[in-house]
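Good morning, and thank you for coming.

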Amino acid sequence: MLSIYVSSTIESEIVINLTMMNRGPLGKHDSMGEIVLGTLAPHPPHLVYADNPEQNEPHSEGGWETLRWGYQRLARKLKNIDYDAIVIFTPHWQTYIGTHFLGLPNFKSKSVDPIFPNLFRYNYDLEVDVELATSMRDSAAEAGIITKMMENPDFRVDYGTITSCHLLNPEWDKPIVTISSNRNRHYYSVEVMNEQAIALGKACFKAIEESDKKVVLVASHSLSHRHFVEEAPLPEDMSREHIYNHSQYVWDMKIIELMRQGKMQEVIDLMPEFTEQTMAETEGGGLTWLMAAMGYPDYPAEIYGYQSVIGTGNVVAAWDPNESTRELVL
Ligand SMILES: [Fe+2]
């Protein structure tokens, strides 16, 4: 009789592999894709303006370094992660019938911020992972979500997508998928928004899992979103920048503390109240979508920086599922 000694480590690996084999059909690639990082990446156009990249027409003398340096550190981390595509959920592509996905391999135009055309006139030329976008659309449709692929070659990509993607990956050397924000908040309530974003997040995760791709997910938005109504004569004059008011700040700190503690289910449970009280850009569903896709992480978020931009609260944060590369940043 042949006896084989199996160590507990190997045994657990065998169990894991058998479990994976038993998951059923995985789609045409027969391999499992994964989310390699999730980020909350705010998109004030001021940050791109302050960076003076060649794509942006206006010129600045800098500003908002706490956020920009935080972004630069996260961008360096991303350089060391093997991934195939960035999937970004933006509140500034607002759709009123269904959820839309960029559906052509290339979009090229000039993105102008409608509120700050003095700061942001950005010439972009970006690649889309249409295969991944289509599979996410199909998965969302299967879940009962109304969907549409954006296949108008003249469609102008929103500045939320451009800003967050530029700051995370200034080289633009990875394809993206942009997902629109259906305005459930406007039609119904924050509670309905939360539920719909959860369903969309789960559907996107299913599509990723059934692909063979490693994906970075991005929720593009700030936290508290009350802001100044008058712009400083010099927008980058940091002597004029400060939080909008103390209660907004306290709410932001509460959310960030929960992120640090790995209590993301609690953050999502608090989302309706937080969104109502701080006019937060979470109203678009981005953070809820991200957390649902990642299974509500119970490990600490990496915090890269918090700063106000025209009074709004902005945190750059990341969730690294890989324990060996997860960091205590700030
Ligand atoms: Fe915004």
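Let us begin with Gly33. Setting aside neighbours within four places in sequence, Gly33 is in contact with Ile208, Glu209, Ser211, Asp212, Lys213, Lys214 and Val215. Please keep in mind that this is a predicted model. Is Gly33 buried or exposed? Here we count neighbours: 20 or more other C-beta atoms within 10 Å make a residue buried. Gly33 has 22 other C-beta atoms within 10 Å, and it is therefore buried. For a sense of distance, take Glu142: Gly33 and Glu142 are 109 residues apart in sequence, and their C-alpha atoms are 19 Å apart in space.

I turn now to helix α10, which covers residues 286-294. Of its 9 residues, 8 are buried, so α10 is largely enclosed by the rest of the structure. The buried residues are Gly286, Leu287, Thr288, Trp289, Leu290, Met291, Ala292 and Ala293. What do these residues pack against? Their partners are the strands β1 (34-40), β2 (85-95) and β8 (214-219), together with the helices α7 (190-210) and α9 (264-278). After α10 comes Gly295, with a positive phi near 75°.

A pair of packed helices is described by the distance between the axes and the angle between them.

For α7 and α10, the axes come within 7 Å and cross at roughly 45°. That angle makes α7 oblique to α10. The crossing of α7 past α10 is right-handed. Which residues meet? From α7 they are Asn194, Ala197, Ile198, Leu200, Gly201, Lys202, Cys204 and Phe205, and from α10 they are Thr288, Trp289, Leu290, Met291, Ala292 and Ala293.

For α7 and α9, the axes come within 9 Å and cross at roughly 140°.

Another enclosed helix is α5, residues 159-168. In α5, 10 of the 10 residues are buried, so this helix is also largely enclosed by the rest of the structure. Among the buried residues of α5 are Tyr159, Cys165 and His166.

Let us now step back to the whole chain. The chain contains 10 helices and 10 strands. Of its 330 residues, 45% count as buried. Among contacts between residues at least 6 apart in sequence, 82% join residues at least 24 apart. The radius of gyration is 20 Å, which agrees with the value near 20 Å that a compact globule of 330 residues would have. Along the principal axes, the C-alpha atoms fill a box of roughly 85 × 40 × 40 Å.

Finally, a word on confidence. The average pLDDT of the chain is 91, and 91% of the residues score at least 70. Over residues 1-29, however, the pLDDT is below 50, and this stretch has 9 contacts in the model beyond near neighbours in sequence. Where pLDDT is low, predicted coordinates should not be read in detail. Thank you for your attention.

Technical notes: Residues are numbered from 1 along each chain as its sequence is written. This is a predicted model: local features need pLDDT of at least 70, side-chain atom pairs count only at pLDDT 80 or more; totals for chains, interfaces and linings use all residues. pLDDT is the predictor's confidence in each residue, from 0 to 100. Two residues are in contact if their C-beta atoms, placed from the backbone, lie within 7 Å. Helices (H or I, at least four residues) and strands (E, at least two) are DSSP runs, numbered from the N terminus. The radius of gyration is taken over C-alpha atoms; the globule rule is 2.2 Å times the number of residues to the power 0.38. A residue is buried if 20 or more other C-beta atoms lie within 10 Å of its own, exposed if 12 or fewer, and partly exposed in between; C-beta atoms are placed from the backbone. Axes are lines fitted to C-alpha atoms, for helices over the stretch in contact, and angles run from 0 to 180 degrees between N-to-C directions. Angles under 35 degrees count as roughly parallel, over 145 as roughly antiparallel, 65 to 115 as roughly perpendicular and the rest as oblique. A crossing is left-handed if the near helix is turned anticlockwise from the far one by less than a right angle, and right-handed if clockwise.
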